[in-house]
Amino acid sequence: MASAAMAWGQLGAHLRETQLLGSIQSTLYWDQNTRMPSGGAPWRGEQLTLLATQLHARQSSAVYADLLAVAREHWNSGERCPEQGRNLDLLEQDLCRQQALDPALVAALATAKAKGYNLWQQARAASDFSLFAPALQTLIDLRQEQANQLDELRSCWETLAQPFEPDLRLERLEALFAPLRQRLPQLVAQASTRPRPRSADWDLEESSQQHLCDGLLQAWGRNSAITCMARSPHPFSITLGPADYRITTRVVPGQPLSCFLATAHEWGHSLYEQGLPDQSHQWFAWPLGQATSMAVHESQSLFWENRVARSRPFAEQWWTRFAQAGAPFTCAQDMWQAMNPISPGLNRVEADELSYGLHILIRTDLEIALLEKGLAVKDLPGEWNTRYGELLGVRPMNDAEGCLQDVHWSEGLFGYFPSYLLGHLISAQLSEAMTEAIGAPEDHVHRGDVSPLLDWLREHVHPLGRSVNAEQLVEKVSGRPLSTEAFLGYLESKLDRLHQASQPLQV
């Protein structure tokens, strides 16, 4: 039998080649979303299908299984390094899942995802759900078959959610979301009764928005040698290599703060990726060098978007830059209130912190209904519009404003949406822990130095990688189980501060 060092080296080499293939796949995805002409979609679908089948073959092969078995044997008979053991546990779990899947299903899913994304773009541009409906039905059928083949002791939706939120159960999700279902509509109703200052409609030139975004990234420590920003229909962050981090944003006509806030959000994702463990035996190939979960990922992007970019001290430092670019701001309060409109709308990405959770509850309920409760695809637009009317008091005028606004289902990403709301809960609880340790984030923003915030996250959150799941991370860092308490307290406090700021001065 090979020596322990040789066994680990051979396994690491196999994982590295797998990650090289995966990063090629991700690079094609980046191009598909940013620069690829629509006519390239069919060929891109074939490219992605080929790569998906090759990746699946590597991740489920007997050769790979043997490499894992030998490494496990050495671990069992050696010093049992906990980090190596955790890596093996996660690799063996993924091997079992890959071996359970039919290669034909893997290929069909890759083809359906590429086709679904292309048709979603067409349907959204035409605001016609019927153009996308057949592709969505195909993706639902394939994902249901995937859950059936995996045959885990979980529901279909729970099984599909595992890559995003390891160990998540619907029962636990509902327990966390129940207080939000009750309290968020009450807070939205409460906010609607409070007068808010109104400003005339305004916009900024695209070049001005880009300049402001570039300034934000520079202020937040961007290294242009390893980062890149582009435009896409839906903002996202992606890592293509150990020194290749990409984000996208978008300019929305009539919403001059959208591009800036999307950039802040996606850069938060990228900062997390850049802070993950970078030891040579883990980075980019071993599980411990990968993100804990998508909820933890979202907690990091939401921290920088909401706790920093939407804060009053941030407005105090940035309002003059926006005014010089053409924004109708005469003081910091103008910018702060513009950054925090607290007004229910139709779009999730543009939503305020208060109503955002309701957008996620609607999507979560609908995808569970599509996968597990027999909701017909043709009925999705109507159900979407009804729930928006009931929970947010607004109704989409067309499909583009409604169920076609998000990219996720076009790629078969069922089980992803709850991560956004869980990310809000995690961000709030981690922010409280940060405040106890180094002072309130807003105090550091006020002093014009956000580096202590990133340093704290790099010490306490980012290095954990997949050594824990999301709830274990929260308890480890904050000292208590994840709950809604910190998040709801934060929302209520912010609502009060915004209300007080909008009151006329008493003389």
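**Salt bridges and a helix pair in a predicted model**

Biologist: What is the relative accessible area of Glu-492?

Modeller: This is a predicted model, and the value given here is computed from it. Exposed residues lie over 50% and buried ones under 20%, so Glu-492 counts as partly exposed, because its relative accessible area is 30%.

Biologist: Which residue forms a salt bridge with Glu-492, with the closest N and O atoms 3.0 Å apart?

Modeller: A salt bridge requires a side-chain nitrogen of Lys or Arg within 4 Å of a carboxyl oxygen of Asp or Glu. The closest N and O atoms of this pair are 3.0 Å apart, and the partner of Glu-492 is Arg-183.

Biologist: How many residues apart are Arg-183 and Glu-492?

Modeller: The salt bridge between Arg-183 and Glu-492 links distant parts of the chain, with Arg-183 in helix α8 (residues 170–192) and Glu-492 in helix α20 (residues 485–502). Arg-183 is partly exposed, at a relative accessible area of 24%.

Biologist: Is Glu-152 buried or exposed?

Modeller: The side chain of Glu-152 meets that of Arg-154 in a salt bridge of 2.7 Å, N to O, and Arg-154 counts as partly exposed at 22% relative accessibility. The relative accessible area of Glu-152 is 18%, and because the cut-off for burial is under 20%, Glu-152 is buried.

Biologist: What relative accessibility does Lys-378 have?

Modeller: Lys-378 forms a salt bridge with Asp-379, the closest N and O atoms being 3.2 Å apart. Asp-379 counts as partly exposed at 33% relative accessibility, whereas Lys-378 counts as exposed, with a relative accessibility of 67%.

Biologist: At what angle do helix α14 and helix α15 pack?

Modeller: Two packed helices are described by the angle between their axes together with the distance between those axes. For α14 (residues 353–372) and α15 (residues 380–392), the axes are 10 Å apart, and α14 passes α15 in a right-handed crossing. The packing angle of this pair is about 145°.

Biologist: How many charged residues does the contact of α14 with α15 have?

Modeller: On the α14 side the contact residues include Leu-358, Ile-362, Arg-363 and Asp-365, and on the α15 side they include Glu-383, Trp-384 and Arg-387. By class, the contact has 9 nonpolar residues and 2 polar ones, and the number of charged residues is 4.

Biologist: How many salt bridges does a search of the whole structure find?

Modeller: Salt bridges that share partners join Glu-174, Arg-181, Asp-365, Glu-383 and Arg-387 into one network. Across the whole structure, the number of salt bridges found by the search is 24.

Conventions:
Residues are numbered from 1 along each chain as its sequence is written. This is a predicted model: local features need pLDDT of at least 70, side-chain atom pairs count only at pLDDT 80 or more; totals for chains, interfaces and linings use all residues. Side-chain values use heavy atoms; hydrogens and water are left out. Axes are lines fitted to C-alpha atoms, for helices over the stretch in contact, and angles run from 0 to 180 degrees between N-to-C directions. Helices (H or I, at least four residues) and strands (E, at least two) are DSSP runs, numbered from the N terminus. A crossing is left-handed if the near helix is turned anticlockwise from the far one by less than a right angle, and right-handed if clockwise. Contact means heavy atoms within 4.5 Å. Ala, Val, Leu, Ile, Met, Phe, Trp, Tyr, Cys and Pro count as nonpolar, Asp, Glu, Lys and Arg as charged, and the others, Gly among them, as polar. Buried means under 20% relative accessible area, exposed over 50%, partly exposed in between (1.4 Å probe, protein chains only).
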